[in-house]
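Work through the exercises below with the structure open. Each task is followed by a solution in steps.

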Amino acid sequence: MSSEVRFVDFKSDKQPTWCPGCGDFGTMNGMMKALAETGNDPDNTFIVAGIGCSGKIGTYMHSYALHGVHGRALPVGIGVKMANPELEVMVAGGDGDGYSIGAGHFVHAVRRNVDMSYVVMDNRIYGLTKGQASPTSREDFETSTSPDGTHMPPVNPLALALAAGATFIAQSFSSDSKRHAEIVQEAVEHDGFGFVNVYSPCVTFNDVDTYDYFRDTLVDLKEDGHDRTDLEAAKKAILSGDKEYQGVIYQNEDSVPFEKQEGIEAPMTDIPDGAPEGAMDLVREFY
Ligand SMILES: Cc1ncc(C[n+]2csc(CCOP(=O)(O)OP(=O)(O)O)c2C)c(N)n1
Ligand code: SF4
Ligand SMILES: [Mg+2]
């Protein structure tokens with residue numbers, strides 16, 4: 001790893017096709033800053049992206065990457081990390097990708113607690129498919145698929161993570177660039193599954209959850225005297241529903257990542273003793 005990596009080194013030569021003003025620009029910048037600040041470089045970084053406007057991020061960043069199947073980015077990211085724990089693995093996707101079709105994977109990725117980060121670009125809408133209601137859309141949000149509201153309460157992704165035993169739960173806002181980058185950096189540094197729900201406004205299809213809304217509403221836990229290691233305080237912040245927060249809401253400082261518990265410390269190609277004859281040749285052939 002190089003000590004001189006700058007965040008622009010994580011930028012690819014592809015021009016984003018996101019709409020001008022899309023929150024995903026800020027989300028991506030913060031991810032790149034966080035990776036550079038933590039001493040990673042494109043050669044040791046693997047981004048796995050879901051499907052959606054958000055999912056295009058793996059193309060716009062310079063690193064190893066896989067743009068997978070809708071809702072299936074997390075199991076791929078887990079597989080990458082288990083095959084080579086020396087890689088920095090970051091998974092990114094949208095609220096539809098992560099909390100609708102991929103909700104099952106989300107819960108189990110949280111439980112497994114592999115040392116990686118998961119950044120969800122939450123715009124409370126399906127952006128790529130032109131504006132249908134997503135799991136985080138408000139109950140009264142009118143879209144082409146919910147002309148008279150969704151008739152369902154939105155999913156609270158932080159509560160889902162909490163219930164599944166998350167060791168790191170955070171929330172940020174793409175437009176608060178310094179704070180957002182700091183929070184993603186903390187997720188990367190966390191020993192375990194670092195989950196960040198990022199409010200990343202869709203300026204084309206969501207005129208309710210706007211930059212102004214998040215700017216006016218979000219309360220920063222850093223200024224609220226919150227103790228991130230206090231599970232009861234985290235429960236209160238997540239479940240009381242009276243405020244929307246940004247910051248690290250919960251961190252279990254005793255977290256031991258799954259792969260460490262299982263004694264997986266080296267890339268698969270290095271596994272030396274005990275492997276059946278010929279097995280490692282096979283692994284290397286497909287590595
Ligand atoms: C299996 C499957 N089902 C449905 C789709 C259609 N589809 C593509 S993106 C998407 C939702 C995108 O919403 P979100 O994950 O919130 O991402 P955003 O575009 O808002 O960033 C859907 C339903 C698909 N590509 N694959
Ligand atoms: S449709 Fe929305 S989420 Fe997609 S690029 Fe445009 S502003 Fe961003
Ligand atoms: Mg979305």
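**Exercise 1.** Classify the residues in the shell around ligand 2 as nonpolar, polar or charged.

Solution. The shell has 7 nonpolar, 3 polar and no charged residues; Ala, Val, Leu, Ile, Met, Phe, Trp, Tyr, Cys and Pro count as nonpolar, Asp, Glu, Lys and Arg as charged, and the others, Gly among them, as polar. Its members are Trp 18, Cys 19, Cys 22, Cys 53, Asn 123, Gly 127, Cys 202, Val 203, Thr 204 and Phe 205, where a residue is near a molecule if one of its heavy atoms lies within 4 Å of it.

The model is predicted: local features need pLDDT of at least 70 and side-chain atom pairs pLDDT 80 or more, while totals for chains, interfaces and linings use all residues. Residues are numbered from 1 along each chain as its sequence is written, chains are lettered from A and ligands numbered from 1 in the order in which they are written, and side-chain values use heavy atoms, without hydrogens and water.

**Exercise 2.** Find the polar contacts of ligand 1 with Asp 95, Gly 96 and Asp 97.

Solution. Start with the surroundings: 16 residues surround ligand 1, the closest being Cys 53, Ser 54, Gly 96, Asp 97 and Leu 128. Next, look for pairs of N or O atoms within 3.5 Å.
- Asp 95 places a polar side-chain atom 2.9 Å from an oxygen atom of the ligand.
- Gly 96 has a polar backbone atom 2.9 Å from a ligand oxygen atom.
- Asp 97 has a backbone N or O atom 2.7 Å from an oxygen atom of the ligand.

**Exercise 3.** Describe how helix 3 packs on helix 5.

Solution. Take the geometry first: helix 3 (residues 73-83) and helix 5 (residues 103-112) pack at about 30°, with axes 8 Å apart. The two helices are therefore roughly parallel (angles under 35 degrees). Then list the contact (heavy atoms within 4.5 Å): Leu 74, Pro 75 and Ile 78 of helix 3 meet His 105, Phe 106, Ala 109 and Arg 112 of helix 5. By class, these residues are 5 nonpolar, 1 polar and 1 charged.

Terms used: A polar contact is a pair of N or O atoms within 3.5 Å; within protein, one must be able to donate a hydrogen and the other to accept it, and residues adjacent in sequence count only if both atoms are side-chain atoms. Axes are lines fitted to C-alpha atoms, for helices over the stretch in contact, and angles run from 0 to 180 degrees between N-to-C directions. Helices (H or I, at least four residues) and strands (E, at least two) are DSSP runs, numbered from the N terminus. Angles under 35 degrees count as roughly parallel, over 145 as roughly antiparallel, 65 to 115 as roughly perpendicular and the rest as oblique.
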